[in-house]
Amino acid sequence: MADQSLFDQLKSVLTDFKTFLDDNVPTIKPAIQAIASLVPQVVELLDELTGLLDKLKTEIQNLDVGAIPGLGEVASFTGMIPAFLDAAKKLLPDEASSIGAIGDIADVVTGLPSVDAVKDELVGLIDAVKAHLVSLKPA
């Protein structure tokens, strides 16, 4: 997956999650309801996941990268950072946390040029997964 942008990876993960739920909600729903009577926190889990999906959807909808001049060049620049970070990690093992944070930011920026191509698909997938999660909650 190294050649996929962050947003393509997100699309892939959401597609897998949606497909799993499409196929398994009828089986999972009664089990979730039974579990909820023993472990009520399972409802919190569903609520937290739903809330996270809402936040993710908002962030994706707010990304408007079409008018940013030089975005392609910036993405190329940040695309070079992972190799540098891999080398730095070996020399600075105590800095793994901050190196990881830099890598996460670079991944987001590197993927920005592709976000417009997958934005609508991501929002649709998020909505579908959220609908499944809501349907799993006990009545």
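Mentor: Happy to! In this predicted model, helices H2 and H4 run roughly antiparallel to each other, because their axes cross at roughly 165 degrees and angles over 145 degrees count as roughly antiparallel. H2 covers residues 41–62 and H4 covers residues 96–136, and their axes come within 10 Å. The angle between the axes and the distance between them are how two packed helices are described. The crossing of H2 and H4 also has a hand: it is left-handed.

From H2 the contact takes Leu46, Leu49, Thr50, Leu53, Asp54, Leu56, Lys57, Ile60 and Gln61. H4 answers with Lys119, Leu122, Val123, Ile126, Asp127, Val129, Lys130, Leu133, Val134 and Leu136.

The chain has four helices and zero strands, giving the pattern α-α-α-α along the sequence. Among contacts in the chain with a separation of 6 or more, 85% join residues 24 or more positions apart. As for overall form, the radius of gyration is 19 Å, while a compact globule of 139 residues would have one near 14 Å. Along the principal axes, the C-alpha atoms fill a box of roughly 50 × 40 × 20 Å. Finally, 27% of the 139 residues are buried.

Definitions and conventions
Residues are numbered from 1 along each chain as its sequence is written. This is a predicted model: local features need pLDDT of at least 70, side-chain atom pairs count only at pLDDT 80 or more; totals for chains, interfaces and linings use all residues. Side-chain values use heavy atoms; hydrogens and water are left out. Axes are lines fitted to C-alpha atoms, for helices over the stretch in contact, and angles run from 0 to 180 degrees between N-to-C directions. Helices (H or I, at least four residues) and strands (E, at least two) are DSSP runs, numbered from the N terminus. Angles under 35 degrees count as roughly parallel, over 145 as roughly antiparallel, 65 to 115 as roughly perpendicular and the rest as oblique. A crossing is left-handed if the near helix is turned anticlockwise from the far one by less than a right angle, and right-handed if clockwise. Contact means heavy atoms within 4.5 Å. The radius of gyration is taken over C-alpha atoms; the globule rule is 2.2 Å times the number of residues to the power 0.38. Buried means under 20% relative accessible area, exposed over 50%, partly exposed in between (1.4 Å probe, protein chains only).
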